[in-house]
Amino acid sequence: MLALLSKQPGGPETLVLESVAEPSLKPGEILLAVKACGVNYPDALIIEDRYQFKPERPFAPGSEVSGIVEAVGEGVSFLKAGDRVIGSCGWGGMAEKLALPADRCIPMPDPMPFDDAAAFVMTYGTSYHALKDRAGLKAGETLLVLGAAGGVGLAAVELGKAMGARVIAAVSSDEKAALARKHGADESIVYASGPFDKDGLKALAEQFKSVCGPEGAEVIYDPVGGDYSEAALRAIAWEGRFLVVGFPAGIPKLPLNLPLLKSCQIVGVFWGAFARRDPKANATNLQELLDLYAGGKIRPVISERVPLARAGEAIAALSARKALGKIVVTMDGADAS
(Lines give C-alpha, C1' and ligand atoms only; values in the text may rest on other atoms or scores of the structure.)
Protein backbone atom coordinates (compact mmCIF):
# COMPACT_ATOMS: atom_id res chain seq x y z
CA MET A 1 0.00 0.00 0.00
CA LEU A 2 1.04 3.63 -0.52
CA ALA A 3 1.50 6.21 2.22
CA LEU A 4 2.73 9.81 2.28
CA LEU A 5 5.40 9.79 4.98
CA SER A 6 7.10 12.33 7.20
CA LYS A 7 10.60 10.98 7.79
CA GLN A 8 12.16 14.15 9.15
CA PRO A 9 10.82 17.43 10.57
CA GLY A 10 10.05 19.97 7.88
CA GLY A 11 7.50 21.46 5.54
CA PRO A 12 5.28 19.68 3.00
CA GLU A 13 8.21 19.40 0.57
CA THR A 14 9.84 16.86 2.93
CA LEU A 15 6.99 14.37 2.59
CA VAL A 16 7.67 11.26 0.50
CA LEU A 17 5.27 8.83 -1.15
CA GLU A 18 6.36 5.23 -0.48
CA SER A 19 5.10 1.70 -0.57
CA VAL A 20 4.79 0.29 2.96
CA ALA A 21 3.48 -2.87 4.56
CA GLU A 22 -0.19 -3.04 5.51
CA PRO A 23 -0.76 -2.36 9.21
CA SER A 24 -1.47 -5.30 11.48
CA LEU A 25 -4.56 -5.25 13.66
CA LYS A 26 -4.52 -5.08 17.45
CA PRO A 27 -7.50 -5.96 19.64
CA GLY A 28 -10.15 -3.25 19.45
CA GLU A 29 -8.95 -1.93 16.08
CA ILE A 30 -10.31 -1.96 12.54
CA LEU A 31 -8.46 -2.03 9.24
CA LEU A 32 -9.82 0.78 7.09
CA ALA A 33 -9.50 1.08 3.32
CA VAL A 34 -9.18 4.87 3.21
CA LYS A 35 -11.26 6.55 0.52
CA ALA A 36 -10.70 10.20 1.50
CA CYS A 37 -8.70 12.21 4.01
CA GLY A 38 -9.42 15.79 5.07
CA VAL A 39 -6.53 18.28 5.13
CA ASN A 40 -6.31 20.45 8.25
CA TYR A 41 -3.93 23.03 9.68
CA PRO A 42 -2.59 20.57 12.31
CA ASP A 43 -1.21 18.50 9.42
CA ALA A 44 1.22 21.34 8.70
CA LEU A 45 2.18 21.64 12.36
CA ILE A 46 2.65 17.95 13.09
CA ILE A 47 5.17 17.35 10.27
CA GLU A 48 7.26 20.25 11.61
CA ASP A 49 7.12 18.95 15.23
CA ARG A 50 5.11 22.03 16.22
CA TYR A 51 1.92 20.25 17.26
CA GLN A 52 0.82 19.06 20.71
CA PHE A 53 1.53 15.48 19.66
CA LYS A 54 4.79 14.22 18.15
CA PRO A 55 4.34 10.73 16.70
CA GLU A 56 7.30 8.46 16.09
CA ARG A 57 8.64 8.67 12.55
CA PRO A 58 8.02 7.66 9.90
CA PHE A 59 4.33 8.57 10.00
CA ALA A 60 1.70 9.86 7.59
CA PRO A 61 -0.13 13.10 8.40
CA GLY A 62 -3.91 13.21 8.11
CA SER A 63 -6.22 13.30 11.11
CA GLU A 64 -9.69 12.60 9.68
CA VAL A 65 -10.63 9.95 7.17
CA SER A 66 -13.53 8.12 5.62
CA GLY A 67 -13.51 4.68 4.10
CA ILE A 68 -14.66 1.07 4.16
CA VAL A 69 -13.89 -1.40 6.93
CA GLU A 70 -11.80 -4.27 5.55
CA ALA A 71 -11.34 -6.26 8.75
CA VAL A 72 -12.01 -5.98 12.47
CA GLY A 73 -9.76 -6.95 15.35
CA GLU A 74 -10.57 -9.01 18.39
CA GLY A 75 -13.30 -7.52 20.55
CA VAL A 76 -14.86 -5.30 17.90
CA SER A 77 -18.58 -6.05 17.70
CA PHE A 78 -20.36 -2.90 16.49
CA LEU A 79 -18.49 -2.70 13.15
CA LYS A 80 -17.96 -5.30 10.45
CA ALA A 81 -16.22 -5.65 7.11
CA GLY A 82 -17.98 -3.59 4.45
CA ASP A 83 -19.20 -0.83 6.79
CA ARG A 84 -18.67 2.77 5.67
CA VAL A 85 -17.21 4.85 8.50
CA ILE A 86 -15.72 8.21 9.44
CA GLY A 87 -12.53 7.90 11.49
CA SER A 88 -10.63 10.33 13.72
CA CYS A 89 -7.01 9.24 13.82
CA GLY A 90 -4.78 12.18 14.78
CA TRP A 91 -2.29 11.14 12.10
CA GLY A 92 -1.86 8.31 9.61
CA GLY A 93 -4.76 9.22 7.34
CA MET A 94 -2.75 10.00 4.20
CA ALA A 95 -2.34 6.34 3.35
CA GLU A 96 -4.33 3.80 1.40
CA LYS A 97 -5.02 1.73 4.52
CA LEU A 98 -5.10 2.53 8.21
CA ALA A 99 -5.50 0.64 11.47
CA LEU A 100 -7.29 2.65 14.12
CA PRO A 101 -9.32 2.04 17.27
CA ALA A 102 -12.91 1.14 16.48
CA ASP A 103 -14.16 3.54 19.14
CA ARG A 104 -12.72 6.42 17.11
CA CYS A 105 -15.03 5.61 14.20
CA ILE A 106 -18.66 6.46 13.56
CA PRO A 107 -20.91 5.01 10.85
CA MET A 108 -21.37 7.17 7.76
CA PRO A 109 -24.95 8.08 6.87
CA ASP A 110 -25.96 6.30 3.67
CA PRO A 111 -26.38 9.45 1.52
CA MET A 112 -23.06 11.02 2.64
CA PRO A 113 -20.23 10.82 0.07
CA PHE A 114 -16.71 9.95 1.18
CA ASP A 115 -15.31 13.42 0.51
CA ASP A 116 -17.97 15.12 2.65
CA ALA A 117 -17.36 12.57 5.39
CA ALA A 118 -13.60 13.19 5.43
CA ALA A 119 -14.16 16.96 5.66
CA PHE A 120 -16.78 16.83 8.38
CA VAL A 121 -15.75 15.79 11.87
CA MET A 122 -12.78 18.02 12.72
CA THR A 123 -14.11 21.32 11.40
CA TYR A 124 -17.71 20.94 12.52
CA GLY A 125 -16.72 19.12 15.71
CA THR A 126 -14.36 21.95 16.67
CA SER A 127 -16.74 24.75 15.78
CA TYR A 128 -19.81 23.16 17.39
CA HIS A 129 -17.92 22.41 20.60
CA ALA A 130 -16.70 26.01 20.59
CA LEU A 131 -20.06 27.65 19.98
CA LYS A 132 -22.28 25.26 21.95
CA ASP A 133 -20.15 24.06 24.86
CA ARG A 134 -17.54 26.76 25.35
CA ALA A 135 -19.47 29.92 24.39
CA GLY A 136 -23.08 28.92 24.97
CA LEU A 137 -24.08 30.87 21.86
CA LYS A 138 -27.71 32.00 22.04
CA ALA A 139 -30.18 32.88 19.31
CA GLY A 140 -30.14 36.60 18.60
CA GLU A 141 -26.54 37.13 19.71
CA THR A 142 -23.90 38.58 17.41
CA LEU A 143 -21.12 36.19 16.38
CA LEU A 144 -17.95 37.56 14.78
CA VAL A 145 -15.98 34.87 12.92
CA LEU A 146 -12.38 35.56 11.90
CA GLY A 147 -10.92 33.53 9.02
CA ALA A 148 -14.51 32.87 8.02
CA ALA A 149 -13.72 31.26 4.64
CA GLY A 150 -11.40 28.56 6.03
CA GLY A 151 -12.48 25.11 7.15
CA VAL A 152 -13.35 25.77 10.80
CA GLY A 153 -14.34 29.38 10.09
CA LEU A 154 -16.88 28.47 7.45
CA ALA A 155 -18.22 25.72 9.71
CA ALA A 156 -18.64 28.34 12.46
CA VAL A 157 -20.54 30.60 10.04
CA GLU A 158 -22.96 27.81 9.10
CA LEU A 159 -23.43 26.63 12.67
CA GLY A 160 -23.84 30.14 14.04
CA LYS A 161 -26.60 30.77 11.53
CA ALA A 162 -28.23 27.41 12.32
CA MET A 163 -28.15 28.36 16.03
CA GLY A 164 -29.96 31.63 15.34
CA ALA A 165 -27.11 34.11 15.71
CA ARG A 166 -26.39 37.23 13.69
CA VAL A 167 -23.18 36.16 11.93
CA ILE A 168 -20.44 38.54 10.80
CA ALA A 169 -17.72 37.02 8.61
CA ALA A 170 -14.27 38.61 8.71
CA VAL A 171 -12.03 37.58 5.80
CA SER A 172 -9.05 38.71 3.73
CA SER A 173 -10.60 39.01 0.24
CA ASP A 174 -13.82 39.84 -1.57
CA GLU A 175 -13.95 36.27 -2.91
CA LYS A 176 -13.86 34.88 0.62
CA ALA A 177 -16.49 37.37 1.76
CA ALA A 178 -18.84 36.23 -1.01
CA LEU A 179 -18.32 32.60 -0.03
CA ALA A 180 -19.07 33.29 3.64
CA ARG A 181 -22.25 35.21 2.76
CA LYS A 182 -23.34 32.38 0.48
CA HIS A 183 -23.11 30.02 3.42
CA GLY A 184 -25.06 32.07 5.91
CA ALA A 185 -23.13 35.16 7.02
CA ASP A 186 -25.42 38.14 7.49
CA GLU A 187 -22.59 40.64 6.98
CA SER A 188 -18.93 40.52 6.04
CA ILE A 189 -15.81 42.66 6.28
CA VAL A 190 -12.55 42.37 4.38
CA TYR A 191 -9.51 43.11 6.52
CA ALA A 192 -6.01 43.96 5.37
CA SER A 193 -3.08 41.58 5.64
CA GLY A 194 -0.86 42.02 8.70
CA PRO A 195 1.36 42.53 10.50
CA PHE A 196 0.08 45.94 11.57
CA ASP A 197 1.71 48.97 13.12
CA LYS A 198 -0.03 50.89 15.91
CA ASP A 199 -2.18 52.91 13.53
CA GLY A 200 -3.03 49.81 11.51
CA LEU A 201 -4.15 47.96 14.65
CA LYS A 202 -6.35 50.88 15.64
CA ALA A 203 -7.91 50.99 12.18
CA LEU A 204 -8.54 47.25 12.24
CA ALA A 205 -10.21 47.49 15.65
CA GLU A 206 -12.43 50.31 14.39
CA GLN A 207 -13.35 48.17 11.37
CA PHE A 208 -14.48 45.34 13.65
CA LYS A 209 -16.38 47.75 15.91
CA SER A 210 -18.17 49.39 12.99
CA VAL A 211 -19.70 46.13 11.78
CA CYS A 212 -20.40 44.63 15.22
CA GLY A 213 -22.30 47.73 16.33
CA PRO A 214 -22.17 49.82 19.50
CA GLU A 215 -22.90 46.86 21.80
CA GLY A 216 -20.18 44.68 20.25
CA ALA A 217 -20.15 40.95 19.48
CA GLU A 218 -21.28 38.61 22.24
CA VAL A 219 -19.12 35.81 20.79
CA ILE A 220 -15.88 36.10 18.80
CA TYR A 221 -14.54 32.98 17.09
CA ASP A 222 -10.80 33.33 16.42
CA PRO A 223 -8.97 30.61 14.46
CA VAL A 224 -6.45 33.15 13.13
CA GLY A 225 -4.52 34.75 16.03
CA GLY A 226 -1.70 37.23 15.48
CA ASP A 227 -2.54 40.93 15.40
CA TYR A 228 -6.15 40.18 14.50
CA SER A 229 -6.95 38.85 17.96
CA GLU A 230 -6.42 42.05 19.92
CA ALA A 231 -8.24 44.14 17.33
CA ALA A 232 -11.22 41.77 17.44
CA LEU A 233 -11.21 41.64 21.24
CA ARG A 234 -11.67 45.41 21.30
CA ALA A 235 -15.02 44.84 19.55
CA ILE A 236 -16.38 42.38 22.11
CA ALA A 237 -19.60 42.99 24.02
CA TRP A 238 -19.96 43.32 27.78
CA GLU A 239 -19.61 39.80 29.25
CA GLY A 240 -18.77 38.48 25.79
CA ARG A 241 -16.91 35.23 25.08
CA PHE A 242 -13.71 35.25 23.01
CA LEU A 243 -12.98 31.77 21.60
CA VAL A 244 -9.31 30.88 21.10
CA VAL A 245 -9.22 28.29 18.31
CA GLY A 246 -5.88 28.56 16.46
CA PHE A 247 -2.88 30.68 15.53
CA PRO A 248 -1.85 30.48 11.84
CA ALA A 249 -1.04 34.21 12.01
CA GLY A 250 0.96 33.76 15.22
CA ILE A 251 0.26 33.47 18.95
CA PRO A 252 -1.21 36.80 20.11
CA LYS A 253 -0.26 38.74 23.23
CA LEU A 254 -3.52 40.13 24.55
CA PRO A 255 -3.53 43.07 26.98
CA LEU A 256 -5.44 41.82 30.02
CA ASN A 257 -6.98 45.19 30.74
CA LEU A 258 -9.41 44.49 27.88
CA PRO A 259 -11.09 41.45 29.53
CA LEU A 260 -11.32 43.49 32.73
CA LEU A 261 -12.92 46.51 31.05
CA LYS A 262 -15.47 44.37 29.16
CA SER A 263 -15.93 41.78 31.94
CA CYS A 264 -15.49 39.22 29.16
CA GLN A 265 -14.12 35.69 29.01
CA ILE A 266 -11.19 34.40 26.97
CA VAL A 267 -12.05 30.77 26.37
CA GLY A 268 -9.76 28.05 25.03
CA VAL A 269 -11.12 25.53 22.53
CA PHE A 270 -9.36 22.14 22.28
CA TRP A 271 -11.87 19.84 20.64
CA GLY A 272 -9.53 16.83 20.41
CA ALA A 273 -8.94 16.80 24.16
CA PHE A 274 -12.66 17.32 24.82
CA ALA A 275 -13.51 14.35 22.58
CA ARG A 276 -11.11 12.10 24.52
CA ARG A 277 -12.11 13.34 27.97
CA ASP A 278 -15.87 13.32 27.41
CA PRO A 279 -16.66 10.85 24.62
CA LYS A 280 -20.37 10.73 25.47
CA ALA A 281 -20.81 14.48 25.11
CA ASN A 282 -18.76 14.42 21.91
CA ALA A 283 -20.91 11.59 20.52
CA THR A 284 -24.02 13.66 21.27
CA ASN A 285 -22.53 16.63 19.45
CA LEU A 286 -21.59 14.53 16.43
CA GLN A 287 -25.10 13.09 16.18
CA GLU A 288 -26.56 16.60 16.35
CA LEU A 289 -24.17 17.65 13.59
CA LEU A 290 -25.17 14.69 11.43
CA ASP A 291 -28.81 15.66 11.97
CA LEU A 292 -28.01 19.21 10.80
CA TYR A 293 -26.25 17.74 7.75
CA ALA A 294 -29.22 15.50 6.97
CA GLY A 295 -31.48 18.55 7.26
CA GLY A 296 -29.38 20.53 4.77
CA LYS A 297 -28.32 23.12 7.39
CA ILE A 298 -24.59 22.39 7.06
CA ARG A 299 -22.41 20.89 4.33
CA PRO A 300 -18.63 20.94 3.92
CA VAL A 301 -17.35 23.33 1.27
CA ILE A 302 -14.68 21.37 -0.59
CA SER A 303 -12.66 23.66 -2.81
CA GLU A 304 -10.29 21.02 -4.16
CA ARG A 305 -9.84 17.26 -4.30
CA VAL A 306 -6.28 16.02 -4.83
CA PRO A 307 -4.74 12.55 -5.19
CA LEU A 308 -2.46 11.15 -2.48
CA ALA A 309 0.66 12.00 -4.49
CA ARG A 310 -0.26 15.72 -4.32
CA ALA A 311 -1.28 15.83 -0.67
CA GLY A 312 1.86 17.79 0.24
CA GLU A 313 0.72 20.57 -2.10
CA ALA A 314 -2.63 20.65 -0.30
CA ILE A 315 -0.92 21.05 3.09
CA ALA A 316 1.22 23.86 1.65
CA ALA A 317 -1.87 25.68 0.32
CA LEU A 318 -3.55 25.42 3.70
CA SER A 319 -0.44 26.69 5.49
CA ALA A 320 -0.36 29.71 3.19
CA ARG A 321 -4.03 30.40 4.02
CA LYS A 322 -4.94 30.17 0.34
CA ALA A 323 -7.61 27.49 0.64
CA LEU A 324 -11.34 28.20 0.61
CA GLY A 325 -13.26 25.78 2.78
CA LYS A 326 -11.68 22.32 2.85
CA ILE A 327 -9.20 20.41 0.69
CA VAL A 328 -9.65 16.64 0.57
CA VAL A 329 -7.15 13.97 -0.46
CA THR A 330 -8.88 11.14 -2.33
CA MET A 331 -7.71 7.59 -2.94
CA ASP A 332 -8.44 5.75 -6.20
CA GLY A 333 -10.87 8.46 -7.28
CA ALA A 334 -13.43 7.47 -4.64
CA ASP A 335 -14.79 10.87 -3.68
CA ALA A 336 -18.41 10.70 -4.60
CA SER A 337 -20.02 7.50 -3.38
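**Close-up views of a predicted model**

View 1. Strand S9 covers residues 166-171 and runs parallel to S8, to which five bridges join it; two strands pair if DSSP finds at least two bridges between them. Five of the five residues of S8 (residues 142-146) are buried, so this strand is largely enclosed by the rest of the structure; buried means under 20% relative accessible area, exposed over 50% and partly exposed in between, with a 1.4 Å probe and protein chains only. Both faces of S8 are covered, with Thr-142, Leu-144 and Leu-146 buried on one side and Leu-143 and Val-145 buried on the other. Residues are numbered from 1 along each chain as its sequence is written, and side-chain values use heavy atoms, with hydrogens and water left out. Because the model is predicted, local features need pLDDT of at least 70 and side-chain atom pairs count only at pLDDT 80 or more, whereas totals for chains, interfaces and linings use all residues.

**View 2. The largest nonpolar core and helix H3.** A nonpolar core is a set of buried Ala, Val, Leu, Ile, Met, Phe, Trp, Tyr and Cys residues joined through side-chain atoms within 4.5 Å, and the largest one here has 53 residues, with Phe-120, Leu-131, Leu-143, Tyr-221, Leu-243 and Leu-289 having the most contacts inside it. Helix H3 (residues 121-134) gives the largest share of this core, six residues. A second, separate core has 34 residues, among them Ile-47, Val-76, Leu-98 and Ala-102. Eleven of the 14 residues of H3 are buried, so the helix is largely enclosed by the rest of the structure. Leaving aside neighbours within four places in sequence, Leu-131 is in contact (heavy atoms within 4.5 Å) with residues including Leu-137, Leu-143, Ala-156, Met-163, Tyr-221 and Leu-243. Gly-136, which follows H3, has a positive phi, near 60°.

**View 3. Ser-303 in strand S14.** Ser-303 is found in strand S14 (residues 302-307) and is partly exposed, with a relative accessible area of 41%. Not counting residues up to four places away in sequence, Ser-303 touches Leu-324, Lys-326 and Ile-327. Although 183 residues separate Ser-303 and Phe-120 in sequence, the two are 14 Å apart in space, C-alpha to C-alpha.

**View 4. Two cis peptide bonds.** The peptide bond from Arg-57 to Pro-58 is cis, with omega near 0°, and Pro-58 is found in the loop between helix H1 (41-46) and strand S4 (64-72). A cis peptide bond also joins Gly-194 and Pro-195, with omega about 0°, and Pro-195 lies in the loop between strand S10 (187-190) and helix H6 (198-212).

View 5. Glu-239, which lies in strand S12 (residues 236-244), has a positive phi of about 60° although it is not a glycine, and counts as partly exposed at 47% relative accessibility. Ser-263, placed in the loop between helix H8 (257-262) and strand S13 (265-268), is likewise not a glycine and has a positive phi of about 50°; at 33% relative accessibility, Ser-263 counts as partly exposed.

Technical notes: Helix = DSSP H or I, 4+ residues; strand = E, 2+ residues; numbered from the N terminus.
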